Amino acid sequence: MNAPTGIGARVKRKEDQRFLTGTGRYVDDLPLARATYAHFLRSPHAHAKIKSIDTTAAKAMPGVVAIFTGKDIADAKVGGLICGWVVKDKHGQPHKAPPHPVMAVDTVRYVGDTVAMVVANSHDEAKDAAEAIKVDYEEKPANVDLAKALDKGAAEVHAAEAPGNLIYDWEIGVKADVDAAFAKAAHVTKLDIVNNRLIPNAMEPRAAAAEYDKGTGNYTLWSTSQNPHVLRLILSAFVLGIPEHKLRVVAPDVGGGFGSKIFCYNEETMVTWAASRVGRPIKWTAERSESFQTDAHGRDHVTHAELALDKDGKFLALKVETIANMGAYLSTFSTAVPTYLYATLLAGQYTTPLIYANVKAALTHTAPVDAYRGAGRPEATFVVETIVSKAAKELKMDPAELRRKNFIPSDAFPYQTPVALQYDSGNYPPIIDEAIKIADYKGFEARRAEAKSRGKLRGIGFSSYIEACGLAPSQVIGQLGGGVGQWESAQLKFNPTGNVQILTGSHSHGQGHETTFAQLVSDKLGVPMENIEVVHGDTATTPFGMGTYGSRSLAVGGSAIMKAADKVIAKGKKIAAHLMEASVADVVFENGTFKVAGTDKAVPLGQAVFAAYVPHNYPLAEIEPGMDENAFYDPANFVYPAGTQICEVEIDPDTGVVEVISHTAVDDFGNIINPMIVEGQVHGGIVQGVGQALLENAVYDKETGQLISGSYMDYTMPRASDVPSFKLGYKVTPCPHNPLGVKGCGEAGAIAAPAAVMNAVHDALAPLGVSHVPMPATPLNVWQAINGASK
Amino acid sequence: MYDFHYHRPKTLADAVGLLKGKDEARPMSGGMTLIPTLKQRLAKPSDVVDLGGIKELAGIKVEGNNVVIGGMTRHADVASSADVKGAIPALAYLAGHIGDPQVRNRGTIGGSIANNDPAADYPGAVVALNATVTTNTGKHTADSFFKGLFETALSDGELVTSVSFPKAEKAAYMKFPNPASRYAMVGVFVAKTAGGVRVAVTGAGPCVFRVKAMEDALAKNFSSDAIKDIKVPADGLNSDIHASAEYRAHLVNVMARRAVDAANK
Ligand SMILES: Cc1cc2nc3c(=O)[nH]c(=O)nc-3n(C[C@H](O)[C@H](O)[C@H](O)COP(=O)(O)OP(=O)(O)OC[C@H]3O[C@@H](n4cnc5c(N)ncnc54)[C@H](O)[C@@H]3O)c2cc1C
């Protein structure tokens with residue numbers, strides 16, 4: 001028998017064959033005849049006035065085809081880049097929306113801001129010419145220190161449109177009620193934390209290539225996009241004005257995104273726009289330094305939080321004040337991240353009855369900040385799980401016990417939190433129990449003592465996260481200011497010979513859709529895996545869809561596939577009933593075959609499909625030929641994965657080096673389609689979370705605004721040797737409102753891990769009297785914390 | 001990168017000849033530093049003279065009490081050399097902890113010391129072992145070779161042909177890698193040779209330096225206890241987002257003690 005391939009099987013990823021043998025097809029691989037190459041001249045300053053740009057000498061350089069500046073774009077009436085989510089501030093006013101020109105016109109606002117585009121016959125010639133462009137800048141003071149960005153006197157990024165750098169002052173919850181609860185509290189735990197800024201670092205840098213067909217007036221843009229349909233919509237409707245049907249966007253193989261490739265960027269816009277001016281295809285691929293400087297960064301919050309507890313350790317109320325960095329311009333979904341994806345998650349897994357959060361979004365002279373793996377939810381989990389562990393320390397309570405005491409009871413679902421979300425399902429106590437068992441929590445004190453005998457400080461940290469993913473339903477998203485729907489599409493397109501293409505509006509850039517989605521159809525329709533092809537990422541072939549982010553692809557996109565498969569079965573039943581001369585009501589579908597109950601009559605799906613395409617004996621009066629079913633699925637609610645991670649670290653007090661000794665994750669992702677892929681997602685997520693906790697940090701020089709961590713010489717990416725082998729476990733409460741009972745697994749690791757690691761670090765250092773280490777807990781930060789404490 | 005003329009001579013004499021009289025010509029060993037510099041357009045040489053084709057420049061020999069390593073010898077070859085492991089295991093260890101496998105299979109000892117990156121590992125070994133650097137024109141003592149930040153005693157067109165390391169009675173290298181680049185944030189090489197005890201620190205300052213106070217204490221008592229309380233001043237040490245000067249000064253002491261303990265094992 002063949003290895004199982006259905007739901008729950010550990011099927012090896014179909015796509016890995018081509019990825020591992022170098023036969024993937026990425027944007028940069030595209031052979032485009034007569035291609036030209038673009039290079040962008042970028043601002044070396046964080047903030048400066050452009051007094052003049054002289055391209056005369058550059059235009060005369062060998063191989064130069066064209067040079068465009070911000071003024072050319074403005075003259076051509078190209079629209080600015082948009083922010084697609086209107087967040088209303090606490091007075092009901094829409095957020096400040098400063099313009100985001102595709103290329104800087106008279107002011108540059110961060111190091112890397114786009115100043116000019118050179119198109120030449122070769123990349124080197126484009127770079128040579130860029131060096132010959134003379135830009136006269138008048139440098140201005142920069143504001144890159146988030147904590148001071150809203151202070152009087154801070155340099156303003158968009159003085160006219162966003163005075164004082166404030167994009168919005170937003171709140172959720174009733175402050176007076178929360179204050180009243182604090183007044184009655186037996187204990188209050190206070191926390192001041194910075195959620196460090198991260199640079200996404202997808203393995204494949206961003207790239208764009210565009211071609212204009214003069215004969216038809218059609219544009220094609222190949223882009224490293226996570227959501228080609230949305231990119232096309234934005235470019236068409238808001239930025240370039242190319243009618244949607246005249247613009248095809250293709251996102252072929254894409255090497256990682258982590259959120260950073262959701263957004264509509266300057267370069268792809270310029271490449272598309274310029275393709276028709278130049279009359280030849282244009283290719284652009286970011287160099288790594290450009291990725292560091294211009295990919296939308298992630299996180300970057302400064303937060304003060306307070307948790308009120310009663311004498312028994314029950315949470316009474318939570319109060320959170322956050323300043324969130326937006327960077328110099330509002331990226332596509334930037335406004336939603338620190339509000340609807342952050343503050344709404346502050347209940348965590350707990351019954352905290354009253355929550356108030358105030359979020360101020362601030363502009364700085366830094367790269368735009370937007371969604372990055374987890375987007376808002378890691379920041380929320382970091383606040384909640386750090387303050388809960390800190391409270392446990394202060395109250396001398398076991399951190400697991402304090403969590404258990406406050407968990408939403410298993411029978412309380414669906415559970416309405418005080419911060420808008422209604423958790424559909426969950427069962428938290430068995431998750432933490434399982435994690436405790438796997439991590440051998442009971443044996444920890446013995447391990448701590450043993451480490452001490454070796455001169456090491458050992459600590460353990462918990463993080464019980466909640467996540468809302470698969471944003472939904474569209475109606476609610478619209479009410480909250482989101483500019484798009486949040487459904488997903490699917491099409492099951494059978495060929496006459498019985499093999500099938502799954503066309504999806506979501507997009508795989510590492511997640512393994514080509515395997516997981518094929519498993520769904522193989523399981524549901526009994527089609528062998530090798531007869532299934534998943535097609536994604538091309539607006540010309542796939543139905544309009546929302547793309548992949550926010551752990552939505554399976555819960556939303558997979559559900560759409562199931563709906564389409566239902567339609568295939570329904571139609572197949574009619575065909576089979578006709579072929580078997582039976583009544584449709586008597587036909588059942590089992591293991592890929594239509595049968596009439598109680599008889600030996602059977603029509604395999606393949607036969608029904610063949611009949612649909614060669615309808616010689618077919619109920620043409622009732623149904624159309626062909627087997628090509630479309631479905632759109634708009635979920636009733638978010639899905640709510642949850643879990644507990646336990647991290648154990650050892651710290652060398654002489655050097656401050658933190659070593660992650662063990663890391664356990666027990667997750668409830670609902671039903672699991674491919675455990676191997678899920679493990680991969682969890683592993684990758686934890687590594688990114690450990691990266692944030694111990695290694696990664698985007699640092700701008702506070703005076704000059706230069707990006708100091710602008711290469712791998714200074715930006716510490718996690719390496720294999722930085723993490724142990726992970727211990728994973730699962731508990732399953734199926735999602736009650738989608739047909740697969742699935743939640744999402746793409747972001748969980750990154751959401752939970754930072755708090756687990758930092759709590760372990762704080763636990764290890766507690767005996768030295770250290771109560772706070774800034775994240776990331778680099779050797780320097782740990783050493784300084786130890787030394788500050790021992791002074 | 002900008003255009004340049006590329007040469008791959010077969011003999012040292014040809015290489016020297018190609019470099020002679022050309023102000024903007026640059027020798028290249030493994031290219032591990034030079035090529036990224038070219039790609040970032042930070043250098044614009046007229047000619048690049050690749051030393052990779054010169055057989056006489058690569059290889060490891062034991063000559064009496066010395067291990068002699070040719071300038072073009074790759075880090076990976078030093079790390080895995082039975083001769084080096086036998087005579088000065090700490091040197092093989094050092095070479096095996098440079099960068100990553102790709103870098104170790106391209107990067108060379110000649111390129112590394114000629115470049116004199118303040119965070120490079122080899123300068124620690126060269127100074128602590130009191131090695132002699134041989135070039136096409138003469139010899140340099142270790143102490144006179146490393147002059148300052150990216151600065152050496154090499155004159156224009158002068159090529160490192162080999163480095164001769166005296167065998168050590170005891171030696172060890174302890175490296176605290178920069179978390180991001182994994183170059184040495186602080187590296188301490190401690191060696192006891194016929195010539196005495198030397199403690200060389202790389203990564204911490206603008207250029208490799210010796211810690212006399214530690215050397216004196218260890219000469220009397222080669223144990224980590226002997227240097228427990230010897231602190232190097234933070235003044236003048238490097239300071240960046242990964243380590244303050246104070247932290248580096250502290251690490252010098254920690255790494256030195258660990259190196260002595262390792263050397264005594
Ligand atoms: C990712 C990465 C990580 C690294 N990590 C480390 C590390 O952890 N520790 C460490 O010590 N180093 C590290 N290095 C540096 C590496 O060890 C190389 O030794 C160093 O880059 C020199 O390279 P090379 O030998 O290829 O010399 P090249 O790059 O070819 O040359 C370097 C310079 O020396 C000149 N030069 C070359 N050969 C000679 C010669 N024989 N005589 C005179 N001048 C010469 C060249 O003109 C050039 O200026 C790392 C490098 C990289 C790229």
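About 1,900 Å² is buried between chain A and chain B, with carbon and sulfur atoms giving 51% of that area. Keep in mind as you browse that this is a predicted model. Two interfaces are covered here: the one between the chains, and one inside chain A.

**Chain A with chain B**
- Chain A brings 23 residues to the contact and chain B brings 22 residues.
- Six salt bridges are counted between the two chains, one of them joining the side chains of B:Arg258 and A:Asp652 at 2.8 Å, N to O.
- Helix 4 (123-132) and helix 19 (779-790) of chain A each contribute at least two residues to the side that touches chain B.
- That side of chain A is made up of nine nonpolar, five polar and nine charged residues.

**Domains 1 and 4 of chain A**
- The C-alpha centres of these two domains of chain A are 41 Å apart, and the area buried between them is about 1,300 Å², 56% of it from carbon and sulfur atoms.
- On the domain 1 side, A:Gln226, A:His229 and A:Arg248 lose the most area to domain 4, together 44% of what that side buries.
- One salt bridge is found across this interface; A:Arg248 also pairs in a salt bridge with A:Asp538, with the closest N and O atoms 2.7 Å apart.
- Helix 6 of chain A gives the most to the domain 1 side, with five residues.

**Chain B annotation**
- An unreviewed UniProt entry lists residues 1-170 of chain B as "domain: FAD-binding PCMH-type".
- In the model, this span is 34% helix and 24% strand, and its end C-alpha atoms lie 45 Å apart.

Key: Residues are numbered from 1 along each chain as its sequence is written. Chains are lettered from A and ligands numbered from 1 in the order in which they are written. This is a predicted model: local features need pLDDT of at least 70, side-chain atom pairs count only at pLDDT 80 or more; totals for chains, interfaces and linings use all residues. Side-chain values use heavy atoms; hydrogens and water are left out. Contact means heavy atoms within 4.5 Å. Buried area is the accessible area (1.4 Å probe) that two parts lose on being put together, summed over both. A salt bridge is a side-chain nitrogen of Lys or Arg within 4 Å of a carboxyl oxygen of Asp or Glu. Helices (H or I, at least four residues) and strands (E, at least two) are DSSP runs, numbered from the N terminus. Ala, Val, Leu, Ile, Met, Phe, Trp, Tyr, Cys and Pro count as nonpolar, Asp, Glu, Lys and Arg as charged, and the others, Gly among them, as polar. UniProt positions are given in the numbering used here, feature names are shortened, and annotations may be inferred rather than shown by experiment. Domain bounds come from an automatic or database domain assignment.
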